[in-house]
Amino acid sequence: MPSPPRVTVVGGGFAGVECAWQLARRGHGVRLVEMRPVRTTEAHETDRLAEMVCSNSFRSDNPANAVGLLKREMEAVGSLVLEEARKAAVPAGDALAVDRSVFAEGVTRRITGRSEIDLVRAEVASLDAVRGEGHYVVVATGPLTSDSLAVSLKAALGDSYLYFYDAVAPIVEASSIDRSRVFAASRWGRGEATTI
């Protein structure tokens, strides 16, 4: 029986490391290409894989909702991201929050310790750089894709298929709230409600 094909995974964030990990567990040789520290971003501070840049929360850990249920499903298939998140967990009510440094260090150690995964620190500036190598390619670069790779992706896919939705929380000016119409309560009935 032939060995499973090699796969190049571009991007060492959550999706990239999880993809590389799952492929390696199934016998694939994986080349995981991460541009940091060769080329950094405005948001990252380290060269570690799966570095969380804007929060330390994986959101709810309650299996009664979709986010919590997804975590259980990921754990059922041996998710590296969830295993390391559990090890790095910090108190956060019913959310799964982590010590970001411990989490990224754990993920990086596990990926670099896997013999099937070859971690390459280089920028992939275009799809042409990884095409035609006789194996599969997964692009998992997310919202912090380098400008040059984004241009290459747009050329291959067109603008109508590339979207980025930031999850920034809205800011509401307290003086703009009509207090006679507001219902103030704690989130999901836990903790104390605060008023402004």
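**Entry 1: helix 3 and helix 4**

I began with the axes of helix 3 and helix 4 (residues 100-112), which come within 9 Å and cross at roughly 135°. At that angle helix 3 is oblique to helix 4. I note that the model is a predicted one. I then looked up the hand of the crossing: helix 3 passes helix 4 in a right-handed sense.

Which residues meet there? On the helix 3 side I listed Leu80, Val81, Glu83, Glu84, Ala85 and Lys87. On the helix 4 side I listed Phe103, Gly106, Val107, Arg109, Arg110 and Ile111. Sorted by class, this contact between helix 3 and helix 4 holds six nonpolar, one polar and five charged residues.

Three of them form an open sheet, ordered 3-5-4, with antiparallel pairing. Strand 3 (57-60) and strand 4 (89-90) stand at the edges; each has a single partner strand, so one side of each lacks a neighbour in the sheet.

I checked the pairing of strand 3 with strand 5 (residues 95-98): two bridges join these strands, which run antiparallel. Within this part of the sheet, I found Ser57 opposite Ala97 of strand 5.

**Entry 2: helices against the sheet**

I looked up what lies on the strands. Helix 2 (residues 66-76) lies across strand 3 and strand 5, and runs at about 115° to strand 3. Helix 3 (residues 80-87) also packs on the sheet, where it touches strand 3, strand 4 and strand 5. I recorded about 80° between the direction of helix 3 and that of strand 5.

How values were computed. Residues are numbered from 1 along each chain as its sequence is written. This is a predicted model: local features need pLDDT of at least 70, side-chain atom pairs count only at pLDDT 80 or more; totals for chains, interfaces and linings use all residues. Side-chain values use heavy atoms; hydrogens and water are left out. Two strands pair if DSSP finds at least two bridges between them. Helices (H or I, at least four residues) and strands (E, at least two) are DSSP runs, numbered from the N terminus. Contact means heavy atoms within 4.5 Å. Axes are lines fitted to C-alpha atoms, for helices over the stretch in contact, and angles run from 0 to 180 degrees between N-to-C directions. Angles under 35 degrees count as roughly parallel, over 145 as roughly antiparallel, 65 to 115 as roughly perpendicular and the rest as oblique. A crossing is left-handed if the near helix is turned anticlockwise from the far one by less than a right angle, and right-handed if clockwise. Ala, Val, Leu, Ile, Met, Phe, Trp, Tyr, Cys and Pro count as nonpolar, Asp, Glu, Lys and Arg as charged, and the others, Gly among them, as polar.
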